[in-house]
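Please look at the sequence and the model below before reading on. The report that comes after them is meant to be read with both in view.

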Amino acid sequence: MLYKSLISLYGSSLAGRSAPADDLVWHFTPSEDLRLFREYALDALQQAKVYLLDHMAAAYADTLHDAVAKQASETGLPAMAILGEVKLPADVVWVEFDDRELGVARFERASPVTRHDDKPIGTGLRGYLIDDRNKGHLRITMFHRRENSRVVDPICALLVKRTPTGDLNYDDVEVELSRSMVEFRVRSGDTMEMINDRRTVHQVETGYDLFIPYALFAMLVSPDLGGIIPTENETFTAKDAKTARKFGKSWILGAQKSHLTIRIGPQAAAHMQERQARLEFERQVQDGRSGPVRHWVSEHERRYRSGKVVLVKGHHRGQLHAPNLPTRVMGPKPDATIFELDAVDPTNPD
């Protein structure tokens with residue numbers, strides 16, 4: 001779990017017991033800002049209610065995002081606004097899922113977010129630390145550990161401001177840039193343009209996948225749990241605790257001893273299977289769709305804006321109809337004349 005890795009790493013670094021090979025940022029660019037961030041993050045992680053979504057549960061929540069995103073594009077409202085006001089299950093919450101598996105699921109179901117991708121996009125583990133203890137804003141920090149890489153502190157966090165009545169305003173979001181990570185990136189050789197690009201990517205990824213933990217929170221309070229099954233599991237075992245006491249790792253002893261693993265139940269599984277079958281059917285229909293059914297096109301003139309006139313002789317067009325395949329009937333009607341006209345501005349009838 002990324003949650004356990006962060007607890008161990010941040011606790012070790014603050015105690016002066018982390019190794020450079022495991023904690024490059026701390027040893028390469030130590031600073032007061034970095035220490036303050038890690039003190040905050042460790043405290044929040046230790047207090048957080050922890051949820052771990054398996055790959056099917058994360059994919060299920062993401063299919064809901066696809067449906068809401070379509071509605072959002074039609075209405076012009078943000079997806080979070082359509083989801084509605086969702087109360088957090090605790091003042092501090094941690095939600096973790098496998099970003100690589102989610103990327104594969106998105107690609108296989110042809111999610112709109114993958115329309116320009118030629119392969120699955122996503123790598124490693126992703127976790128959301130959502131902190132609701134401040135009266136002025138909600139702090140959202142997304143941690144992402146890519147495959148075969150170290151844990152690196154996030155380059156920014158999102159602060160969702162509150163209205164005077166205390167409601168969250170997702171149209172008023174401040175991006176809090178990490179000064180310690182900017183220093184780390186500069187010393188690593190990044191230009192400011194590269195750093196801004198990293199911040200933008202992190203900000204977009206944080207905002208887009210924020211729907212997943214909120215969909216989880218909504219399902220947790222629905223009458224039928226929205227088709228999900230939470231199961232309590234040990235995070236740090238009795239053996240972990242014994243080792244922590246032996247070697248003075250108080251940060252592990254102060255963390256949550258268990259977390260809720262989220263899996264999908266029969267209702268959600270049926271939804272996923274039905275959706276996959278529908279997408280597969282649509283894909284087969286699209287792949288197997290024949291061209292225009294074979295038909296006769298009469299001799300006709302094609303006129304151009306330049307004044308040029310071309311006589312098109314009568315000919316056959318399309319192909320013979322194949323059984324069991326949908327067909328498209330296309331081509332000009334008999335004796336029809338095709339013109340190429342200038343585009344007309346609908347606001348100017350003249």
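What follows is a description of the fold, from the whole chain down to single residues.

This is a predicted model, in which local features need pLDDT of at least 70 and side-chain atom pairs count only at pLDDT 80 or more, while totals for chains, interfaces and linings use all residues. Residues are numbered from 1 along each chain as its sequence is written, and side-chain values use heavy atoms, with hydrogens and water left out.

The protein has twelve helices and 13 strands, where helices (H or I, at least four residues) and strands (E, at least two) are DSSP runs numbered from the N terminus. Of its 350 residues, 37% are buried; buried means under 20% relative accessible area with a 1.4 Å probe, counting protein chains only. Among contacts (heavy atoms within 4.5 Å) with a separation of 6 or more, 69% are between residues 24 or more positions apart.

Eight strands form an open sheet with mixed pairing, in the order S6-S5-S4-S3-S2-S1-S8-S7; two strands pair if DSSP finds at least two bridges between them. At the edges are strand S6 (168-177) and strand S7 (228-234), each of which pairs on one side only. Strands of a sheet pair through backbone hydrogen bonds, either parallel or antiparallel. The table sets out two strand pairs of the protein.

| Strand pair | Direction | Bridges | A bridge pair |
|---|---|---|---|
| S1 (residues 49-53) and S8 (residues 258-264) | parallel | three | Leu53 and Ile262 |
| S10 (residues 300-303) and S11 (residues 309-312) | antiparallel | four | Arg303 and Val309 |

The hairpin of S10 and S11 has five residues between its strands, and there Gly307 takes a positive phi near 100°.

A nonpolar core is a set of buried Ala, Val, Leu, Ile, Met, Phe, Trp, Tyr and Cys residues joined through side-chain atoms within 4.5 Å. The largest one has 40 residues, and Tyr51, Leu53 and Tyr214 are among those with the most contacts inside it. Helix H9 (residues 211-220) gives the most to this core, with eight residues. Leaving aside neighbours within four places in sequence, Tyr214 is in contact with residues including Met80, Leu83, Ile130 and Tyr170. Apart from this core lies another, of 23 residues, among them Leu45 and Val151.

Asp23 lies in the loop between helix H1 (2-14) and helix H2 (24-28). Is Asp23 buried or exposed? Asp23 counts as buried because its relative accessible area is 1%. Not counting residues up to four places away in sequence, Asp23 touches Leu9, Ser13, Ser18 and Arg38.

Methods:
Buried < 20%, exposed > 50% of the residue type's maximum accessible area, 1.4 Å probe, protein only.
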